[in-house]
Amino acid sequence: MAHNLLKGKKGIIFGALDEKSMAWSTALRCVEEGAEVVLTNAPIALRMGEINKLAEQCNAPVIPADVTNMDDLKNLFTKSMEHFGGKIDFVLHSVGMSINMRKGRSYTDLDYDFSHKTFDISAMSLHRVLQTAYQLDALNDWASVVALSYIAAQRVFPDYSEMADAKSMLESVARSFGYHYGMKKKVRVNTISQSPTKTTAGGGVKGFDGFMEYAEKISPLGNATAQQCADYCVVMFSDMTKMVTMQNLFHDGGFSFTGVSAAIIEQMEK
Ligand SMILES: NC(=O)c1ccc[n+]([C@@H]2O[C@H](COP(=O)([O-])OP(=O)(O)OC[C@H]3O[C@@H](n4cnc5c(N)ncnc54)[C@H](O)[C@@H]3O)[C@@H](O)[C@H]2O)c1
């Protein structure tokens with residue numbers, strides 16, 4: 001059900017690859033709530049994915065941008081402002097990729113060239129996006145930026161490998177830039193730490209299905225879905241959360257603060 005929470009707002013959505021993507025559901029929910037959006041993804045993902053289908057549904061342009069390329073990001077923000085005829089009110093950073101994981105290399109056998117790329121795509125990219133917007137003065141006062149994170153930034157999940165370090169940095173960038181952007185323009189910057197969710201990026205983690213089931217069993221509310229993540233993003237982009245900034249917000253059905261659940265104990269006692 002729509003409540004016009006984003007009526008008149010304009011946003012950029014990074015990272016919609018296919019229908020399973022968190023960014024896909026978020027783009028649809030934002031439009032449903034009255035926003036106009038620009039969609040973006042890496043040029044290669046645009047060729048492989050189905051983003052044009054989403055663009056049609058959202059009546060949105062697609063502007064390619066590799067998040068590791070500053071010229072692409074400048075072009076994205078400049079063209080988006082031209083398209084909207086003004087500045088931007090919200091940004092979703094829904095981007096992540098581990099090259100070492102893709103190549104099947106474990107945390108104790110990392111290739112550091114791959115790691116540089118992983119950190120650039122998955123974490124430094126948030127700084128690149130924010131710095132580009134800051135220097136172009138592309139965001140309106142009280143704009144809201146959300147990046148998607150994972151609890152491996154705080155606790156060890158061995159197969160999440162180097163992405164854990166990338167997420168720690170991502171959350172740190174949100175805090176640090178949140179200070180500067182807050183001081184300058186009241187712009188808020190937060191990360192949402194989402195439950196494991198079956199997407200292309202999520203499915204790339206070894207043992208993902210078993211882990212997802214474990215998280216479902218331990219979380220009092222169960223795992224949060226991509227659609228529920230989209231709902232939370234909408235709230236964070238809305239004026240209802242204007243004083244929330246520099247936070248890592250757990251959206252995980254209670255997983256992060258649960259030690260053990262009755263279902264897990266029962267299973268261990270079998
Ligand atoms: N799926 C999960 O279990 C889960 C849980 C918590 C957080 N997250 C995070 O949510 C975010 C979105 O992931 P998802 O699960 O929807 O998977 P996804 O694979 O649908 O999205 C990842 C996106 O990153 C994009 N991307 C990769 N390299 C890029 C580059 N160089 N430039 C621009 N875009 C690039 C991909 O094209 C893709 O659209 C990621 O940050 C991910 O780490 C996912």
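Two residues count as in contact here if their C-beta atoms, placed from the backbone, lie within 7 Å. The model shown is predicted.

**Close-up 1. Surroundings of Y150, a residue annotated as an active site.** The UniProt record, an unreviewed entry, places the feature "active site" at Y150 and Y160. Y150 sits in the loop that runs between β4 (139-149) and α7 (162-185). When neighbours within four places in sequence are left aside, Y150 is in contact with Y160, K167, S193 and Q194. Y150 is buried, because 27 other C-beta atoms lie within 10 Å and the cut-off for a buried residue is 20 or more.

Close-up 2. Not counting residues up to four places away in sequence, Y160 touches Y150, A152 and V205. With 25 other C-beta atoms within 10 Å, Y160 is buried.

**Close-up 3. Strands β1 and β2 with helix α1.** Strand β1 (residues 10-14) pairs with β2 in the parallel sense, over five bridges. At one of these positions, K10 has E36 in β2 as its bridge partner. Together with helix α1 (residues 22-32), β1 and β2 make a right-handed β-α-β unit.

**Close-up 4. Burial of strand β2.** Strand β2 covers residues 36-40, and four of its five residues are buried. The strand is therefore largely enclosed by the rest of the structure. In a regular strand, the side chains alternate between the two faces of the sheet.

Conventions:
Residues numbered from 1 in each chain as written. Predicted model: local features only at pLDDT ≥ 70, side-chain atom pairs only at ≥ 80, totals over all residues. UniProt positions renumbered as here; feature names shortened; annotations may be inferred. Helix = DSSP H or I, 4+ residues; strand = E, 2+ residues; numbered from the N terminus. Buried ≥ 20, exposed ≤ 12 C-beta atoms within 10 Å, placed from the backbone. Pairing = 2+ DSSP bridges. Right-handed = clockwise from strand over helix to strand, strands pointing away.
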